[in-house]
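Reader: I have a model open and I want to learn to read it. Can we go through it feature by feature?

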Amino acid sequence: MKRVLDYDPATGITQWFHFDEASGSMALESEQDVTAIIESSKEVFNQTDERASWKGDVHKVASIPMVIYHELAKVSNNFKDQAAIRRFLNDKDNRVFRTRPGRI
């Protein structure tokens, strides 16, 4: 059995409740429509000057959807593993979320 538990129109996140009667197991699943985030990231990326300096302490380099953010926080031990964050952001499969060219 799969049922909608919650839907947040502001973030586009739907939470699903799964229940398997045969085994009695339950699970929660979150999914998010990331189309708007990808389009926004693409627009910012295309407006960024590739020659722009990396000087300074803070640079926005990506817009990560919340469902991916939560999964990444689990993998990187709440973002303490900076190498895991860099690998994620530099991975070509995650390039759609980048807002700035270059490597992290």
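Reader: Which residues line the largest pocket?

Author: First, the ground rules. This is a predicted model, where local features need pLDDT of at least 70, side-chain atom pairs count only at pLDDT 80 or more, and totals for chains, interfaces and linings use all residues. Residues are numbered from 1 along each chain as its sequence is written, and side-chain values use heavy atoms, with hydrogens and water left out.

Author: Now the idea. On a 1 Å grid over the protein atoms alone, a pocket is an open set of points where a 1.4 Å probe fits, with protein on both sides within 12 Å along at least five of seven lines; lining residues have an atom within 4 Å of a point. Here the lining consists of W54, H59, V61, I64, Y69, L72, F79, Q82, I85, R86, L89 and I104. Helices α2 and α3 are the elements that give two or more residues to this lining. The top contributor is α3, with four.

Reader: What volume does the largest pocket have, and how does its lining divide by class?

Author: A volume is the space filled by probe spheres set on the points, which are joined across faces, edges and corners. For the largest pocket, that is about 220 Å³. For classes, Ala, Val, Leu, Ile, Met, Phe, Trp, Tyr, Cys and Pro are nonpolar, Asp, Glu, Lys and Arg are charged, and the others, Gly among them, are polar. The lining has nine nonpolar, two polar and one charged residues.

Reader: Which element gives the most to the lining of the second largest pocket?

Author: Helix α2 does, with five residues. Helices (H or I, at least four residues) and strands (E, at least two) are DSSP runs, numbered from the N terminus. This pocket holds about 170 Å³. Its lining divides into three nonpolar, three polar and three charged residues. E71 and K74 are among them.

Reader: How many salt bridges are there?

Author: Side chains of opposite charge can pair when their charged atoms come close. A salt bridge is a side-chain nitrogen of Lys or Arg within 4 Å of a carboxyl oxygen of Asp or Glu. The whole structure has two. One joins E71 to K74, with the closest N and O atoms 3.2 Å apart. The other joins K42 to E39, at 3.6 Å.

Reader: Why are E71 and K74 about one helical turn apart?

Author: An α-helix has 3.6 residues a turn, so residues three or four places apart point the same way. E71 and K74 are three residues apart in helix α2 (residues 66-75), so about one helical turn separates them. K42 and E39 have this spacing too, in helix α1 (residues 35-47).

Reader: Is T99 buried or exposed?

Author: Buried means under 20% relative accessible area, exposed over 50%, partly exposed in between (1.4 Å probe, protein chains only). T99 is buried, at 3%. T99 sits in the segment after α3. Contact means heavy atoms within 4.5 Å. Beyond its neighbours within four places in sequence, T99 contacts residues including S41, V44 and F45. By contrast, R87 in α3 (residues 82-90) is exposed, at 54%.

Reader: Which residues make up the largest nonpolar core?

Author: A nonpolar core is a set of buried Ala, Val, Leu, Ile, Met, Phe, Trp, Tyr and Cys residues joined through side-chain atoms within 4.5 Å. The largest has seven: V61, A62, L72, I85, F88, L89 and F97. Helix α3 gives the most, three residues.
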